[in-house]
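Subject: Structure handover and notes

Hello,

Here is the structure for your files. My notes on it follow below the entry.

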Amino acid sequence: MSLIASWIDTANSSETAFPLNNLPYGVFSVGGAARCGVAIGDLILDVSGLEEAGILQPGPRPGVFSAPSWNGFMRLGPTVWSGFRAGLTEFLREGCARRAEVEPYLFPMAEARLHMPFRIAEYTDFYASRQHATNVGTMFRGPENALPPNWLHIPIAYNGRASSVVVSGTEIRRPWGQVKAPDKPLPRFRPSGRFDIELEIGAIVGQPSTGPVSVTRADGMIFGYVLLNDWSARDIQAWEYQPLGPFQAKATATSISPWIVTKAALEPFRIPSPERERDLLPYLHEPGPMLYDISLTVSIQPELAALPTVIARTNYREIYYSFPQQLAHHTTAGAPMNIGDLLGSGTISGPAKSERGSLLELGWGGKEPLRLDTGESRSFIEDGDTLTLSGTAEGVGHRIGFGECVGKVIPALEPDQLPY
């Protein structure tokens, strides 16, 4: 699809992440209460203000944008989602006769504070990149046993903490936890020394379910997507994960980007899933392409560095199990899915070293430290480091961007600040 021209000049630039083709949803404030908004070029359209002024009439439903969250809008379903997006496109399209009505509700993005765009009901993080699973398995079990026996048959996941999910820009405090060195007989309680990121995409469930759903229906339940960073304390994880899997190692924080890129905006970028080494069971069969061609980048900027260093470039196409497959599998035992549920893709890694989506892989467990542009080296994150994830789908003369997912790591609490 080619660029849709807008009367907002910055939305027509080939460099913007937010052309009229995108229209991602977020929550913002400019010196006042938080409001629902839509990114367009370098501006934010105040959707809550348009509703209050009656400009959205007939609109999705009266008062749906009165709360600073997109959950109420999600509840209205795909038909309303589609109609609302079409209406916004007409408001902002080049030559729109209602420009004078809409223009007062535009605010500079540079002056806005961005907030959590939706209320998270529950959070589940998957392990769906084959290369990531192979890399991690090779480090800990050797190449002959890299993939768990079930990995090629079933989407693996853990249930995380919805309360720990934060919006981009939130500082991340280094966690304390139990760690055990291989050469020590007993564990110690100390700040994590192997703190890490995981480059992921998150899917937002916009429609509920009360029982098992098909892959096709699951695809229709997804409202949109965000960038996601599943902060991970690898030393805590190594000691605690057997036999039940991640717990405190993943409880510190999960950062998401502030703009929800809708499924509709990504439709032109659908691509097929990778070829299956083993046939999947019928309930996981996909009726068509369900991945997206989204380029992803990770950068790190030490506290005193003038510029960041790009440390990884990969693509969402490296995922083995699509989000509709993950969601369909999640419902097989009967667990209800809620509006606002968040699914993480799992770390996205490609076959080349430069395509690995975590420092654990990039530095191979600390054995091959990364060299930054500053001359410093990194095996894991140090205090003061800022990690930034970014992602774009490239169209003809335009791109669909997510904005950035940013987090700066600050020091752990001092011992005398702990309650024990």
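A salt bridge here is a side-chain nitrogen of Lys or Arg within 4 Å of a carboxyl oxygen of Asp or Glu. The model is a predicted one: local features need pLDDT of at least 70, side-chain atom pairs count only at pLDDT 80 or more, and totals for chains, interfaces and linings use all residues. Residues are numbered from 1 along each chain as its sequence is written, and side-chain values use heavy atoms, with hydrogens and water left out.

Salt bridges

Asp383 and Arg174 form a salt bridge through their side chains, at 2.7 Å from N to O. This pair links distant parts of the chain, 209 residues apart: Asp383 is in the loop between strands S24 (377–378) and S25 (386–394), and Arg174 is in the loop between strands S9 (172–173) and S10 (176–179). Helices (H or I, at least four residues) and strands (E, at least two) are DSSP runs, numbered from the N terminus. Asp383 is partly exposed at 37% relative accessible area, whereas Arg174 is buried at 9%. Buried means under 20% relative accessible area, exposed over 50%, and partly exposed in between, with a 1.4 Å probe and protein chains only.

The salt-bridge count comes to 21. One of these joins the side chains of Arg130 and Glu277, with 2.6 Å from N to O. Arg130 lies in helix H5 (residues 130–141) and Glu277 in the loop between strands S18 (270–271) and S19 (291–292), so the pair ties together parts that are 147 residues apart in sequence. Arg130 is partly exposed, with a relative accessible area of 27%, and Glu277 is partly exposed at 47%.

The side chains of Glu376 and Arg378 also meet in a salt bridge, at 3.3 Å from N to O. Glu376 is partly exposed at 31% relative accessibility, while Arg378 is buried at 3%. Elsewhere, salt bridges with shared partners join Asp196, Glu198, Asp230, Arg234 and Lys250 into one network.

In helix H9 (residues 323–330), 7 of the 8 residues are buried. They are Phe323, Pro324, Gln325, Gln326, Leu327, Ala328 and His329. These buried residues pack against strand S6 (123–126), strand S13 (199–205), helix H6 (215–221), strand S14 (222–230) and strand S22 (342–344).

Asp341 lies in the loop between H9 and S22. The side chain of Asp341 reaches the backbone nitrogen of Glu122 at 3.1 Å. Leaving aside neighbours within four places in sequence, Asp341 is in contact (heavy atoms within 4.5 Å) with Ala121, Glu122, Ala203, Ile204, Val205 and Pro336.

Aromatic pairs and charges over rings

There are 24 aromatic pairs in the structure. Rings of Phe, Tyr and Trp (its six-membered ring) pair if their centres lie within 6.5 Å; planes under 30 degrees apart count as stacked, over 60 as edge-to-face and the rest as tilted. Trp81 and Phe223 form an edge-to-face pair, 4.9 Å centre to centre with 75° between the planes. That pair links distant parts of the chain, with Trp81 in helix H3 (residues 78–92) and Phe223 in strand S14, 142 residues apart. Both Trp81 and Phe223 are buried.

Tyr225 and Phe323 form a tilted pair, 5.8 Å centre to centre with 40° between the planes. Tyr225 is in strand S14 and Phe323 in helix H9, 98 residues apart. Tyr225 counts as buried at 3% relative accessibility, and Phe323 at 0%. Ring pairs also link Tyr25, Phe65, Trp70, Phe73, Trp81, Phe84 and Phe223 into a cluster.

The charged end of Arg276 sits over the ring of Tyr320, 4.5 Å from its centre. Arg276 also lies over the face of Tyr321, at 5.8 Å from the ring centre. A charge sits over a ring if NZ of Lys or CZ of Arg is within 6 Å of the ring centre and within 35 degrees of the ring normal.

Backbone

Most residues other than glycine have a negative phi, and most peptide bonds are trans. The peptide bond from Gln242 to Pro243 is cis, with omega near 10°. Pro243 is in the loop between helix H7 (234–240) and strand S16 (254–256). Leu23 has a positive phi, near 55°; Leu23 is in the segment before strand S1 (25–29) and is buried, with a relative accessible area of 0%. Trp364 has a positive phi near 50° and is found in the loop between helix H10 (359–362) and strand S23 (370–371).

Regards

Key: Polar contact = N/O pair within 3.5 Å; in protein donor to acceptor, adjacent residues only side chain to side chain.
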